[in-house]
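Please find below a briefing on the fold of one protein chain. The points are grouped by topic.

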Amino acid sequence: MAIDRIWSYAPDSGHIEGLDLSGFTVAATDGTIGHVDREAAPHGMRHLVVDTGVWVFGRSVLVPAGVVTGIDTQGRKITLACTRGDAKAAPRFQTDSETRDREYLTAVGDYYHRLPPRTKASA
C-alpha cells in the first residue's frame, strides 16, 4: 500500500463518510484486538484509536485508516490488514495529544506501511 494511502480508507473498504465507528469491534487477520474508541483526522492523517481492553494491558493502539480492509456496518465490525502482533508492536500510543502530533503519526504510518501485505480477515 502506498504511504500516501495509509491515511485514507480504501475505496472497497465499505467506509461510509460520516458514519460513527465508535464501539465497532476491530479484528486483525488472526483475531479481535478491541473496539473503536474514536476516529480522528488531524493533518489529513485519518486513523482509529482502538481500545484493546485487557488484551494489551488496557492500552489503546492507533490504526491508520488505510489498514482497514472492511467495515461491516450491520455486524459493527472492522477488519484490518495486519495481525494482532503487528498492532501490538506498533509505535506505542500513550496520550491523547499524540493523536494530533504529526511526528508520532508519521512514525505510525511508516510502521504500518512497511508491514507485509496480508489477506482480509473473515468478517
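**Sheet and core of a predicted model**

Isoleucine 71 has isoleucine 78, in β6, as its bridge partner. The model is predicted, so local features need pLDDT of at least 70 and side-chain atom pairs count only at pLDDT 80 or more, while totals for chains, interfaces and linings use all residues. Residues are numbered from 1 along each chain as its sequence is written, and side-chain values use heavy atoms, with hydrogens and water left out.

**Architecture**

- The protein contains two helices and six strands; these are DSSP runs numbered from the N terminus, helices being H or I of at least four residues and strands E of at least two.
- Read from the N terminus, the order of elements is β-β-β-β-β-β-α-α.
- Of contacts (heavy atoms within 4.5 Å) between residues at least 6 apart in sequence, 58% join residues at least 24 apart.

**Sheet**

- Six strands form an open sheet in the order β4-β3-β2-β1-β6-β5, and the pairing is mixed; two strands pair if DSSP finds at least two bridges between them.
- β4 and β5 are the edge strands, each pairing on one side only.
- From one strand to the next, the twist averages 35°.
- β5 and β6 run antiparallel and are joined by four bridges.
- α2 lies across β3 and β4 and runs at about 70° to β4; axes are lines fitted to C-alpha atoms, for helices over the stretch in contact, and angles run from 0 to 180 degrees between N-to-C directions.

**Nonpolar core and burial**

- Of the 123 residues, 43% count as buried, that is, under 20% relative accessible area, with exposed over 50% and partly exposed in between (1.4 Å probe, protein chains only).
- The largest nonpolar core has 32 residues, and those with the most contacts inside it are Leu21, Ile33, Leu48, Ile78, Leu80 and Tyr112; such a core is a set of buried Ala, Val, Leu, Ile, Met, Phe, Trp, Tyr and Cys residues joined through side-chain atoms within 4.5 Å.
- At least two residues of this core come from each of β1 (25-28), β2 (31-40), β3 (47-51), β4 (60-64), β5 (68-72), β6 (77-80) and α2 (102-113).
- α2 provides the largest share of this core, five residues.

**Aromatic pair**

- One aromatic pair is found in the whole structure; rings of Phe, Tyr and Trp (its six-membered ring) pair if their centres lie within 6.5 Å, and planes under 30 degrees apart count as stacked, over 60 as edge-to-face and the rest as tilted.
- Tyrosine 111 and tyrosine 112 form this edge-to-face pair, at 5.1 Å centre to centre and 80° between the planes.
- Tyrosine 111 is buried at a relative accessible area of 15%, and tyrosine 112 is buried at 3%.
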